[in-house]
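Please open the structure in a viewer and keep the selection panel at hand.

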There are 2 protein chains.
Amino acid sequence: MTVAETRSRILDAALDLFGTRGIEAVSLDEIARSVGVRKQSLLYWFPSKGDLVDAVLDVVSDELIAVVGAAVRSAGDAPLDRIDSVIRAVFRPAVRRPALLGLVREVGRLEGPHVARLEVRLRPLVTACTAYLAAEMDRGRLRRADPGLVAALAYATVTGIATEPESLGAVGWNADVGGLRRLRDELRGFVRAALSPTSDVPMRPADDGAGARARRVGR
Amino acid sequence: MTVAETRSRILDAALDLFGTRGIEAVSLDEIARSVGVRKQSLLYWFPSKGDLVDAVLDVVSDELIAVVGAAVRSAGDAPLDRIDSVIRAVFRPAVRRPALLGLVREVGRLEGPHVARLEVRLRPLVTACTAYLAAEMDRGRLRRADPGLVAALAYATVTGIATEPESLGAVGWNADVGGLRRLRDELRGFVRAALSPTSDVPMRPADDGAGARARRVGR
DNA sequence: CAGGTCACCTACCAAGTGGTAGACAATCGA
DNA sequence: TCGATTGTCTACCACTTGGTAGGTGACCTG
């Protein structure tokens, strides 16, 4: 058992437990037990539960950034293909380790400092993403829309689908690997259809609500 | 303070706390405190925490069924309008009470009996929904796709967006009411574009993965 | 080989967990 | 009016929580 080994094993177990059951619901004893060590060894590496949470969040954001970056670099130039590649890339770790995106989903329950930390680390990814969407919309290669909202939408959809096989099971959907893959492909088609610039459904430009109201009245 | 009043106030507080912070993370003492009563009064109405959880889940499913039902009945005949109406209807309580959909999202963390209970109560809604989608696809008024997958997709997207203003905030999106409304409208446009039968993006029929692979190779 | 560091441990602690037992006042039908 | 029921309470209980204090052996370095 080398120096860093126990530490990384703790991080690993904590990520899975926090991500699947919720941070507040998982005790240090439980994490320690799953690693095969005493709670006090855990507190040796991470002086408090909050420190452990921060470390786990760092792992998560690093992984997310790496995965998305690799997907973007590996894809071709066409924006729909590139988005498609990112979706597939995010799904892969999400299926292998549902806890990963599950942890991002925990953000709403974290205290301020943790949230701020995660926000700072993920902000470059988000701004790059929205800037890219905006540029491609300007070039007419994506449907015109508010890039920030599209990014938020995509995030919510992907994490929603990838992290909720059980919830989906509760609404009558089988959550095996094949089913999840079919769902992913459906999502890819869905996104492709929704973002294609040639979609001939009447679309307003990204409006401030007034347009949406007018459309609702006028249809 | 009438007979049933305390009971319903407990349910109310439990729904909010469970939905926003997670079931396992909320203690009976905390719920009781927020109601302004002692924990033992709470255990008088609900003999155990599990019983309280079941009761809360019943409230949630009743509300969901009522909201969706009303939206469907109030909308016109065109499927895109009807879907639009359901999205707006689900967003309304989700914004007013994020805990509501947050609780549905907790399903993955519940123990078997709770899940089964919720599943049974929601199944009619789900089957009706997929049957409707299938029928409209047959009539050619919706893009051809697997109705079950579309339903799962829509569910994941709506709950994802409606329950994660904080997470979205962490990725740099402002979560005020106006922003959420703009996001909702964006989602409506997104769904409309994706489900419209006239979308001219090359679309396979709901395939088993082989089609998606072929398309990927052939682009 | 002495001293120190490192990784992990046992032994605690105060506060909080879900839950039981039973007292007490108000209110009800007979 | 009296006894039972109803709703809430105090007083506990065994157990778990995050965290402190401090000890122990292995190992490195001077």
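In total, 16 residues surround DNA strand D. Select Ser27(A), Thr6(B), Arg38(B), Gln40(B) and Tyr44(B) to display the closest of them.

Next, colour the helices that contribute to this surface. In chain A these are α2 (28-35) and α3 (39-45), and in chain B they are α1 (3-21) and α3 (39-45); each supplies at least two residues.

Now display chain A by itself. Its secondary structure consists of eleven helices and zero strands. Of its 219 residues, 42% are buried. When contacts between residues at least 6 apart in sequence are considered, 61% of those in chain A join residues at least 24 apart.

An example of two residues separated in sequence may be selected here: Ala94(A) and Thr163(A) are 69 residues apart along the chain, yet their C-alpha atoms are 7.0 Å apart in space. Ala94(A) belongs to helix α5 (residues 79-96) of chain A. Is Ala94(A) buried or exposed? Ala94(A) is buried, because 23 other C-beta atoms lie within 10 Å, and the cut-off for a buried residue is 20 or more.

The largest nonpolar core has 109 residues. Those with the most contacts inside this core are Ala14(A), Val56(A), Leu153(A), Val56(B) and Leu153(B). In soluble globular proteins, nonpolar side chains tend to be buried together. Centre the view on Val56(A): neighbours within four places in sequence aside, Val56(A) is in contact with Leu11(A), Ala14(A), Leu15(A), Phe18(A) and Leu103(A).

Finally, colour chain A by confidence. The mean pLDDT of chain A is 80, and 81% of its residues reach 70 or more. Confidence in chain A is highest in α2(A), at 95, and lowest in helix α11 (residues 210-218), at a mean of 38. Over residues 199-219 of chain A the pLDDT is below 50, and this stretch has 24 contacts in the model beyond near neighbours in sequence. Where pLDDT is low, the predicted coordinates should not be read in detail.

How values were computed:
Residues are numbered from 1 along each chain as its sequence is written. Chains are lettered from A and ligands numbered from 1 in the order in which they are written. A residue is near a molecule or strand if its C-beta atom, placed from the backbone, lies within 6 Å of it. Helices (H or I, at least four residues) and strands (E, at least two) are DSSP runs, numbered from the N terminus. A nonpolar core is a set of buried Ala, Val, Leu, Ile, Met, Phe, Trp, Tyr and Cys residues joined through C-beta atoms within 7 Å. A residue is buried if 20 or more other C-beta atoms lie within 10 Å of its own, exposed if 12 or fewer, and partly exposed in between; C-beta atoms are placed from the backbone. Two residues are in contact if their C-beta atoms, placed from the backbone, lie within 7 Å. pLDDT is the predictor's confidence in each residue, from 0 to 100.
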